[in-house]
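Please read it alongside the sequence and coordinates.

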Amino acid sequence: MADEPLVLGIETSCDETGVGIVRGTTLLANAVASSVDAHARFGGVVPEIASRAHLEAMVPTIERALKDAGVSARDLDGIAVTAGPGLAGALLVGVSAAKAYAYALDKPLYGVNHLASHICVDQLEHGPLPEPTMALLVSGGHSSLLLAPDITSDVRPMGATIDDAAGEAFDKIARVLNLGFPGGPVIDRLAKEGDPNAIAFPRGLTGSRDPAYDFSFSGLKTAVARWVEAKRNAGEDVPVRDVAASFQEAVVDVLTRKAVRACKDQGVDHLMIGGGVAANSRLRALAEERCERAGIRLRVPRPGLCTDNGAMVAALGAEMVARNRPASDLELSADSSLPVTDPHVPGNHDHDHDHDHLHEISKENLYS
Ligand code: KG4
Ligand code: ZN
């Protein structure tokens, strides 16, 4: 609808330069330039390489998104940008670009949270999020269960990983199996040809006395690495497909079990899954199966909206505009450890305390 806010979103928290444009909950453009290939030989994202790549890709990606959406920058109602969490130098490129465009075009600026954006993006696929929303957020840097009564202002952590993130576990196991980086997509593919029950890998924090909603993947990672090493030491072939399938099953079994339990305990009848790992085909299938059995409605965006992108930032920005949330001011800083409980970074004018906090962090980022 023409009266819904037209918002451009910029995402540069990791290795994807993403620029998305939405009108309300309608996706108009989602341009992504990835530097993933430049990091592959290092086995992980190299922050300095990511920052430089963002700098080169920023303006062309913004122009491509505007062209794809068929809109003029002058027509925008706001510019949203990932203010954190993420790599400090990478975030800084997006935040600086967003400020420059907001200033030059005289448009309101919205510094938003990357994690809340991974949840809000589902509005582009399945319409407005129910309130509250139960969300399982699984990415390269985070694994959390979140209860969000209002995605623009109230996000409550129910549980989180106590060690590795789910995506990190995929990436580390891919390295053990010499499959390259990032590990998630290749393990997903190989696992389809393997037996998920071939090897009984451990399910972390699933004992009756363990915290119900927290996760742990480091024990699993060690168990898989030891199993593979024992095979190699014995001079035997490593059944890569079976290892991939059994490892993946252990991860998605725990994720879906705990997410369904959280929904039941809290009386929430639907579950949203977001973040890069939500692109995993087995996670999607098992979640569907278990949610259906429990009478829970599952919402997962299509894979291209699960991995980092600008549309998710625009989606949350549009929601901020629609709900009249205060805009950020031009002193907005990137906050590499922005807590999940802060969906957006409002202006300093009505948050004096936050101002000091942001100021300290920006100094810290400069000198660290
Ligand atoms: O959300 P995202 O794009 O970036 C972060 O915010 O971290 O997530 C990236 C993570 C990587 O660890 C990657 O291996 C994982 O998501 N991933 C997958 C799949 N596609 C991406 N993990 C499992 N299966 C997939 N198909
Ligand atoms: Zn992400």
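The sections below cover the basis of the model, the ligand site and the strands.

## Basis

This is a predicted model, in which local features need pLDDT of at least 70 and side-chain atom pairs count only at pLDDT 80 or more, while totals for chains, interfaces and linings use all residues. Residues are numbered from 1 along each chain as its sequence is written, chains are lettered from A and ligands numbered from 1 in the order in which they are written, and side-chain values use heavy atoms, with hydrogens and water left out.

## Ligand site

Ligand 1 takes up the space of the largest pocket. A pocket here is an open set of points on a 1 Å grid over the protein atoms alone, where a 1.4 Å probe fits, with protein on both sides within 12 Å along at least five of seven lines; a molecule sits in a pocket if more than half of its atoms lie within 2 Å of its grid points.

There are 20 residues around ligand 1, and Gly-140, Asp-171, Asp-188, Gly-276 and Asp-308 come nearest (near: a heavy atom within 4 Å). By class the shell has five nonpolar, 12 polar and three charged residues, with Asp, Glu, Lys and Arg counted as charged and Gly among the polar. Helices α4 (114–120), α6 (166–176) and α7 (183–191) each supply at least two shell residues; the largest share, four residues, comes from α7. Helices are DSSP runs of H or I with at least four residues, and strands are runs of E with at least two.

## Polar contacts and burial

Polar contacts are pairs of N or O atoms within 3.5 Å. A nitrogen atom of ligand 1 is 2.9 Å from a side-chain N or O atom of Asp-188. An oxygen atom of the ligand lies 3.0 Å from a polar side-chain atom of Asp-308, and an oxygen atom of ligand 1 is 3.1 Å from a polar backbone atom of Gly-167. Taken alone, ligand 1 exposes 550 Å², of which the protein buries 88% (Shrake-Rupley method, 1.4 Å probe).

## Strands

Six strands form an open sheet with mixed pairing, in the order β3-β2-β1-β4-β5-β11; strands pair if DSSP finds at least two bridges between them. β3 (26–34) and β11 (344–345) are at the edges with a single partner strand each, so one side of each has no neighbour in the sheet.

Key
Polar contact = N/O pair within 3.5 Å; in protein donor to acceptor, adjacent residues only side chain to side chain. 1 Å grid on protein atoms, 1.4 Å probe; cavity = no way out; pocket = protein on both sides within 12 Å on 5 of 7 lines; lining within 4 Å.
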